[in-house]
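Open the model in your viewer and keep the selection panel at hand. Each stop below says what to select and what is there.

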There are 2 protein chains.
Amino acid sequence: MAKQEKLVKAITSMDEDFAKWYTDVCIKAELIDYASVKGCMIIRPYGYAIWENIQKIMDGMFKELGHENVYMPMFIPESLLQKEKDHVEGFAPEVAWVTHGGAEELEERLCVRPTSETLFCDHFKNIVHSYRDLPKLYNQWCSVVRWEKTTRPFLRSREFLWQEGHTLHATAEEARQETEQMLNVYARFAEEALAMPVVKGQKTDKEKFAGAEATYTIEALMHDGKALQSGTSHYFGDGFSRAFEVQFTDKDNKPVHPHQTSWGTTTRLIGAVIMTHGDDNGLVLPPAIAPVQVVIVPIASHKEGVVEKATEVCDTLKKVCRVKLDNSDQTPGWKFAEYEMKGVPLRIEIGPRDIENNQCVVVRRDNREKIFVNLDELETRIPEILAEYHDALYNKALSRRETMTYDAKNLDEMKEIADTKPGFIRAMWCGDRECEEKLKEVAGVTSRCIPFEQEQIGDTCVCCGKKADKMLYWGKAY
Amino acid sequence: MAKQEKLVKAITSMDEDFAKWYTDVCIKAELIDYASVKGCMIIRPYGYAIWENIQKIMDGMFKELGHENVYMPMFIPESLLQKEKDHVEGFAPEVAWVTHGGAEELEERLCVRPTSETLFCDHFKNIVHSYRDLPKLYNQWCSVVRWEKTTRPFLRSREFLWQEGHTLHATAEEARQETEQMLNVYARFAEEALAMPVVKGQKTDKEKFAGAEATYTIEALMHDGKALQSGTSHYFGDGFSRAFEVQFTDKDNKPVHPHQTSWGTTTRLIGAVIMTHGDDNGLVLPPAIAPVQVVIVPIASHKEGVVEKATEVCDTLKKVCRVKLDNSDQTPGWKFAEYEMKGVPLRIEIGPRDIENNQCVVVRRDNREKIFVNLDELETRIPEILAEYHDALYNKALSRRETMTYDAKNLDEMKEIADTKPGFIRAMWCGDRECEEKLKEVAGVTSRCIPFEQEQIGDTCVCCGKKADKMLYWGKAY
């Protein structure tokens, strides 16, 4: 098969240079192109179709839980950004500033939104007056800007696409439930749509969102053993609503500050998929978000009846999946490599001999397993094979994560693992920020999360040796 | 009924103050809220749900014709914007400039995209090399910024949402066909989704898009007799591709500059719907884009069986339309006024006596006509009534446009009509830009379009009296 890939466009192998492999996949699978603005990317049709599938599924999950979409302005006046102290400190160093409209200098600078808490609060102040107006369950799909120094396609770019949920509740408890619920939605989405196992947990104070009381996260492990924060959900208490003077009268006619949440996922999820499932032949897409789930490649298509049969198969499959017939004049070998690069889950080969036997060959992208399927059974078999394929991707990623998860008891162990074994490191922590900073300095790892599923793997802090009752995931991260 | 509206929130009547009526509808129907950034708007859930319906239908029409969605950066470097002379002249005076990233001043200013021709060309240069790479049929859904002096919700705001199609073709003819095809798509969308009749035609040179060889438009007539440009499609020839050095090798292996189009519609369409169908009770929505097509209001809902039957009706109707049951503790009168304000096409009233008769009352939003429908026939009757409703809205708008379209033979007639009769004015034109400018100065009208459907209503120019063979639509415009 080695020759086959060369027919199209070879990519760097993972082992040779993982970072190069990653950008090669982004470019050669036609997900992105670099833009004339440094640190921004062009999302090409194939990449954007993946994002549209992500949006469609996730948006449905949000709406099912009663969330409504809105659209806020992309600009935030400087004075508005400054209203919540921690928030502005966190974001001001990395925003893009608009200073002129046409030839005129603006009276007040505007930043391009890096996130929209301040805008939502400003709006909530106008529209929330009574307990009858709550809860507000809002979401927004948009682009945001953060002026990063070093950038990589999907993983960290100056502009990226995302969704940001913003909700407002009468009580702290209800807001906390929402924060947790949305984290669970993200975890379920990662597993069911992206075939990507995640660890759910809470961020330490050091790692939480600027202005939040608590931040929850889903953390995934990439092929190279680095962690990728894949979605976060924040509980704000009433901090923002006090800063922005949002209040409502409760049932007893008393003024109360409502409690708030926000939660977000981004085009980074596409990067997560690439680095979770991809291989040296290119992209490997989970069926739920694959723009094309099945590609049909006719073999010896000049022979009578082949194209007709392939077309017939395509028409049949349209009812049950996203299918494409490639009837171009490229060779089958070229097509095989092309659709492997693009991560299409299943390829159907159909030629004269198959037609004689009333069958076709279904080839899985992940392991190139060949499955012979009777043409009369395609409509039921293909969805089954796609479901099996999803499970196989998930299980493979899960067992890789398990293999690459290590426990450390003390600083020496932590350093040794961090130096030699890429992956997650589980270790106990006393809760002291100094220890967290020291681990970063000494072992180069950051705390990924305090997982909800705790396991007492010791009782002393991996760093200082003092009493510790929290087990954390640590690692190097994107 | 007059009392009923007062229960909710009265709005200014159209006759009293049309502009105030318009903004009242925008606010009271909860389509928008004003933002802290001057000239920007917050699109609230109900307004955004309308936009989502517009997007869904239009996106389907684009994709059916082979267009693919992409996402370009929101920033354009100043040097890139300047590459096409006419284009930069048209847009530079009204763009927002980003000058700083965080605390650092940028080496080159970036404008927030007012439109993305320059970005697409820059990308096309990278990806188009051979005739095999053509055509490129791209579309983008995003927000754009134009630093307008005077703004109005949906109609003219500093930031707005839109789609911009950008296509690249091997030949001028193919590009011209695309330009025309997309204008026809817009016209069909206006008629079939918005129930809004439009005049299709070409813009004069004075009114065309900055950098285009030809601009085509659909023009609609609002309730107050003003014209609204509702969608445009541009043919660029190879001007942009020369300026951006986009070229491909044709079948004879010769380098050729491809031909280009772009076409766009915006959230302005929501403004068009408000001012085409709305009335003194609020919004009137065409069914295709109405977030709620049918609202069910139980009457005497404390009586046994009413809520149950209303729920049953709601469940039945879910299969055939977007239906909502309002079971809140507000009075029926309050609900009637509320959903009239929000322009819900049909209201179903169901009370104890209706249940006894196995029927319900369907009330049309536009004329409050009551239709008694047997409960067993709802599933077939409601879609029929919605279709009739769409046609009724369309026909009413069309006949209003016809009534408000006048012919002018000379400058005196033109002035008199423009001064006294709001609406479209049809008049012959010699093709001279000076006449166009004089008509603007003297009669306050601009050329709306040179309609495709020509009618020879004279043979001399309405302005200068010289020979003229083009009939134009003129008017005051938003």
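Start at the contact between the chains of this predicted model. Select strand β5 of chain A and strand β5 (residues 96-101) of chain B: 5 bridges join them, and the two strands run antiparallel. Within this pairing, A:Gly101 has B:Ala96 as its bridge partner.

**The rest of the interface**

Now widen the selection to everything that touches across the chains. On the chain A side there are 42 residues, in contact with 42 residues of chain B. The elements of chain A that give two or more residues to this side include α3 (45-64), β6 (104-112), α6 (117-127) and β8 (159-169). The most comes from β5(A), with 6 residues. Colour the chain A side by class, and you will find 26 nonpolar, 9 polar and 7 charged residues.

**The axis**

Which rotation superposes chain A on chain B? It is a rotation of 180 degrees, with 0.0 Å of shift along its axis and an RMSD of 0.0 Å. This is the relation of a two-fold axis. To find the axis from chain A, select A:Val98, whose C-alpha is the nearest to it in that chain, at 2.1 Å. Go back to the interface selection with this in mind: 100% of the interface residues of chain A are also interface residues in chain B, so the copies meet through the same surface.

**Domains of chain A**

The domain assignment divides chain A into domain 1 (2-277), domain 2 (292-391) and domain 3 (405-475). Colour each domain separately. The centres of domain 2 and domain 3 of chain A, taken over C-alpha atoms, are 48 Å apart.

**The 11-stranded sheet of chain A**

Next, show the strands of chain A. An open sheet of 11 strands has the order β3-β7-β8-β14-β11-β10-β9-β22-β23-β21-β20, with mixed pairing. At its edges are β3 and β20 (405-407) of chain A, each of which pairs on one side only. Inside the sheet, select β8(A) together with β14 (residues 259-266) of chain A; they are antiparallel and joined by 8 bridges. Here A:Gly165 stands opposite A:Trp263.

**A sheet in chain B**

Bring chain B back and select its open sheet of 5 strands, in the order β16-β15-β17-β18-β19, again with mixed pairing. Why is one side of β16 (323-325) and of β19 (370-374) of chain B left without a neighbour in the sheet? These strands stand at the edges, and each has a single partner strand. On average, neighbouring strands of this sheet are turned by 25 degrees against each other, direction ignored.

Zoom in on β18 (residues 359-364) of chain B and β19(B), an antiparallel pair joined by 5 bridges. B:Gln359 has B:Asn374 as its bridge partner. Helix α10 (residues 306-318) of chain B lies across β15 (294-298), β16, β17 (346-350) and β18 of chain B, at about 170 degrees to β15(B). Helix α11 (residues 332-341) of chain B packs on the sheet and touches β15 and β17 of chain B; its direction also makes about 170 degrees with that of β15(B).

**Confidence**

Finally, colour by pLDDT. Chain A averages 96, and 98% of the residues score at least 70. Residues 1-7 of chain A are below 50. Where pLDDT is low, the predicted coordinates should not be read in detail. The model as a whole scores ipTM 0.95 and pTM 0.96.

Conventions:
Residues numbered from 1 in each chain as written. Chains lettered and ligands numbered in written order. Predicted model: local features only at pLDDT ≥ 70, side-chain atom pairs only at ≥ 80, totals over all residues. Contact = placed C-beta atoms within 7 Å. Helix = DSSP H or I, 4+ residues; strand = E, 2+ residues; numbered from the N terminus. Nonpolar A, V, L, I, M, F, W, Y, C, P; charged D, E, K, R; others polar. Pairing = 2+ DSSP bridges. Domains from an automatic or database assignment. Axes fitted to C-alpha atoms, helices over the stretch in contact; angles between N-to-C directions. Least-squares fit on C-alpha atoms with pLDDT ≥ 70 in both. pLDDT = per-residue confidence, 0-100.
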